[in-house]
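Please follow the explanation below with the structure in view.

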Amino acid sequence: MPGMETENSNTSRAEELKQLANEVFKGHKYSQAIDLYTQAIELNGESAVYYANRAFAHTKLEEYGSAIQDGTRAIEIDPRYSKGYYRRGAAYLAMGKFKDALKDFQQVKKLCPNDPDATKKLKECEKAVMKLKFEEAISVPESQRRSVADSIDYRSVEVEPQYAGARIEGDVVTLDFVKKMLDDFKNQKNLHKRYAYQIVLQTREMLRALPSLVDIVVPAGKHFTVCGDVHGQFYDLLNIFELNGLPSEDNPYLFNGDFVDRGSFSLEVILTLFAFKCMCPSAIHLARGNHESKSMNKIYGFEGEVRSKLSEIFVELFAEVFCCLPLAHVINEKVFVVHGGLFSVDGVKLSDIRAIDRFCEPPEEGLMCELLWSDPQPQPGRGPSKRGVGLSFGGDVTKRFLQENNLDLVVRSHEVKDEGYEIEHDGKLITVFSAPNYCDQMGNKGAFIRFEAPDMKPNIVTFSAVPHPDVKPMAYANNFLRMFS
């Protein structure tokens with residue numbers, strides 16, 4: 001029977017591809033693993049295992065929307081396959097959808113009543129949902145909320161005589177102070193909360209005064225550097241400054257969001273960037289990323305780190321200041337820089353971005369959400385987001401946006417790239433990512449882009465990770481999420 005022989009050979013070839021994908025997965029080559037699982041699915045689309053395995057690889061790449069789809073498909077194929085619920089639950093959890101995750105882990109427990117791992121994860125999930133319900137119950141409506149920043153007088157905070165760390169004399173943050181602070185951070189010493197308050201509050205005042213879209217002018221003969229995600233990798237940030245110089249009026253930078261979370265030196269990163277902003281506002285520009293938000297910081301470590309190194313009040317203060325960060329920048333009227341990407345509709349003008357009321361937590365749809373969350377795709381048009389938030393947009397979308405706004409180039413971040421950058425959409429879009437060996441396991445390079453005025457051609461510099469103290473990524477993250485990472 002030729003038909004059966006073909007079916008059998010497809011099934012065995014699919015198994016070979018799955019085994020190959022598993023090996024590649026172990027080597028942290030998650031994109032390659034996804035390609036191989038996809039090939040296996042094309043040969044045998046009725047294996048729940050292949051979909052669950054591919055869901056796990058998507059989760060590793062933070063493609064939680066795709067992971068949920070694959071988990072759902074695995075469940076449809078075999079409603080008694082616990083891994084399908086497990087993978088989907090983990091993806092819901094990573095998106096902060098605790099109630100959806102709870103339902104899936106309850107199902108895992110039902111299917112595997114004697115599995116201690118399933119019991120443990122269900123208990124953690126129940127705790128997370130209870131905490132969420134409690135926080136919702138005691139939360140004050142946005143309209144009645146008082147600014148925590150307005151209640152802080154940093155001058156009244158006493159500095160103990162035995163404190164030997166960096167000090168700000170008076171109101172002015174100087175380069176000497178910043179250098180001393182960086183040395184202290186390098187040696188894992190904390191900054192006194194009096195000076196941390198001063199830096200964060202002074203930065204808040206500056207950021208609040210900025211529009212949602214900031215125009216930057218780089219004079220002829222001068223240069224300008226754009227960095228992507230840093231994600232709490234403080235020692236790699238110091239390496240960027242080693243390679244490219246400290247921020248100053250003559251050596252200005254734009255850090256394009258996702259300063260915090262995942263890496264366990266996020267507080268050091270954000271205080272460094274804010275201190276340079278206080279020292280010289282034109283030396284450093286800061287854009288909001290999708291991780292400058294309460295929901296992400298609660299899950300991915302920044303909230304826990306701030307609570308551990310400073311205090312609860314700083315958790316609220318940072319959340320407030322993150323809402324003041326601009327959403328996008330335009331350099332010399334030619335280069336559009338944004339954390340995520342472009343929009344679900346055509347015809348968006350720069351004036352529409354300027355008009356966004358950004359002083360809030362990021363919404364789940366609309367222009368602000370898309371600026372922070374969207375990703376480019378190789379095919380034209382628009383498609384659903386692999387992340388489950390925002391969308392994917394093609395080269396034709398990029399081209400029209402640039403033409404309509406008389407721009408030359410889109411620079412965005414938001415995605416790990418093996419070389420630290422990727423040029424797409426016929427050279428009209430560059431992704432730059434500045435956290436090398438992301439999460440201590442991706443093996444990627446980092447990159448930054450130097451633009452020289454007046455021609456503003458991008459010069460991309462790549463670099464490798466440097467050693468850091470033995471504090472693992474996600475050390476301060478939500479307990480439950482750490483169980484899956």
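In this predicted model, six strands form an open sheet, arranged in the order E1-E5-E6-E10-E12-E11, with mixed pairing. The edges are taken by strand E1 (213-216) and strand E11 (421-424); each has a single partner strand, so one side of each is left without a neighbour in the sheet. From one strand to the next, the twist averages 20 degrees. As a general principle, strands of a sheet pair through backbone hydrogen bonds, and they do so either parallel or antiparallel.

E5 and E6 together form a hairpin, with three residues between them. In the turn of that hairpin, Asn332 has a positive phi of about 50 degrees.

The next pair in the order is parallel. E6 and E10 run parallel and are joined by three bridges; Val335 has Leu409 in E10 as its bridge partner. Strand E10 (residues 409-412) is in turn joined to strand E12 (residues 429-432), again by three bridges, and these two strands run parallel. Across this pairing, Arg412 stands opposite Thr431 in E12. Against the sheet packs helix H17 (residues 395-404), which touches strand E6 (335-338), E10 and E12. The direction of H17 makes about 120 degrees with that of E10.

To which sides do the residues of E6 point, and are they buried or exposed? Val335 and Val337 point one way from the strand, whereas Phe336 and Val338 point the other way. All four of these residues are buried.

A helix elsewhere in the chain is also mostly covered. Helix H10 (residues 234-244) has nine of its eleven residues buried. Among them are Phe234, Tyr235, Leu237, Leu238, Ile240 and Phe241, and the buried residues also include Asp236, Asn239 and Asn244. Just after H10, Gly245 takes a positive phi of about 90 degrees.

A single loop residue deserves attention next. Glu62 lies in the loop between helix H3 (48-60) and helix H4 (64-77). The relative accessible area of Glu62 is 14%, and Glu62 is therefore buried, the cut-off being under 20%. Its side chain makes a polar contact with the side chain of Tyr438, at 2.5 Å. Apart from neighbours within four places in sequence, Glu62 is in contact with Arg262, Arg387 and Tyr438.

Finally, the protein may be considered as a whole. Its secondary structure comes to 18 helices and 14 strands. The radius of gyration is 23 Å, close to the 23 Å that the globule rule gives for 485 residues, so the protein is as compact as a globular protein of that length. The C-alpha trace spans about 85 × 50 × 45 Å along its principal axes. Of the 485 residues, 56% count as buried. Among contacts with a separation of 6 or more, 70% are between residues 24 or more positions apart. The accessible surface comes to about 21100 Å², and 50% of it belongs to carbon and sulfur atoms.

How values were computed: Residues are numbered from 1 along each chain as its sequence is written. This is a predicted model: local features need pLDDT of at least 70, side-chain atom pairs count only at pLDDT 80 or more; totals for chains, interfaces and linings use all residues. Side-chain values use heavy atoms; hydrogens and water are left out. Two strands pair if DSSP finds at least two bridges between them. Helices (H or I, at least four residues) and strands (E, at least two) are DSSP runs, numbered from the N terminus. Axes are lines fitted to C-alpha atoms, for helices over the stretch in contact, and angles run from 0 to 180 degrees between N-to-C directions. Contact means heavy atoms within 4.5 Å. Buried means under 20% relative accessible area, exposed over 50%, partly exposed in between (1.4 Å probe, protein chains only). A polar contact is a pair of N or O atoms within 3.5 Å; within protein, one must be able to donate a hydrogen and the other to accept it, and residues adjacent in sequence count only if both atoms are side-chain atoms. The radius of gyration is taken over C-alpha atoms; the globule rule is 2.2 Å times the number of residues to the power 0.38. Accessible areas come from the Shrake-Rupley method with a 1.4 Å probe; for residues, only the protein chains shown count as cover.
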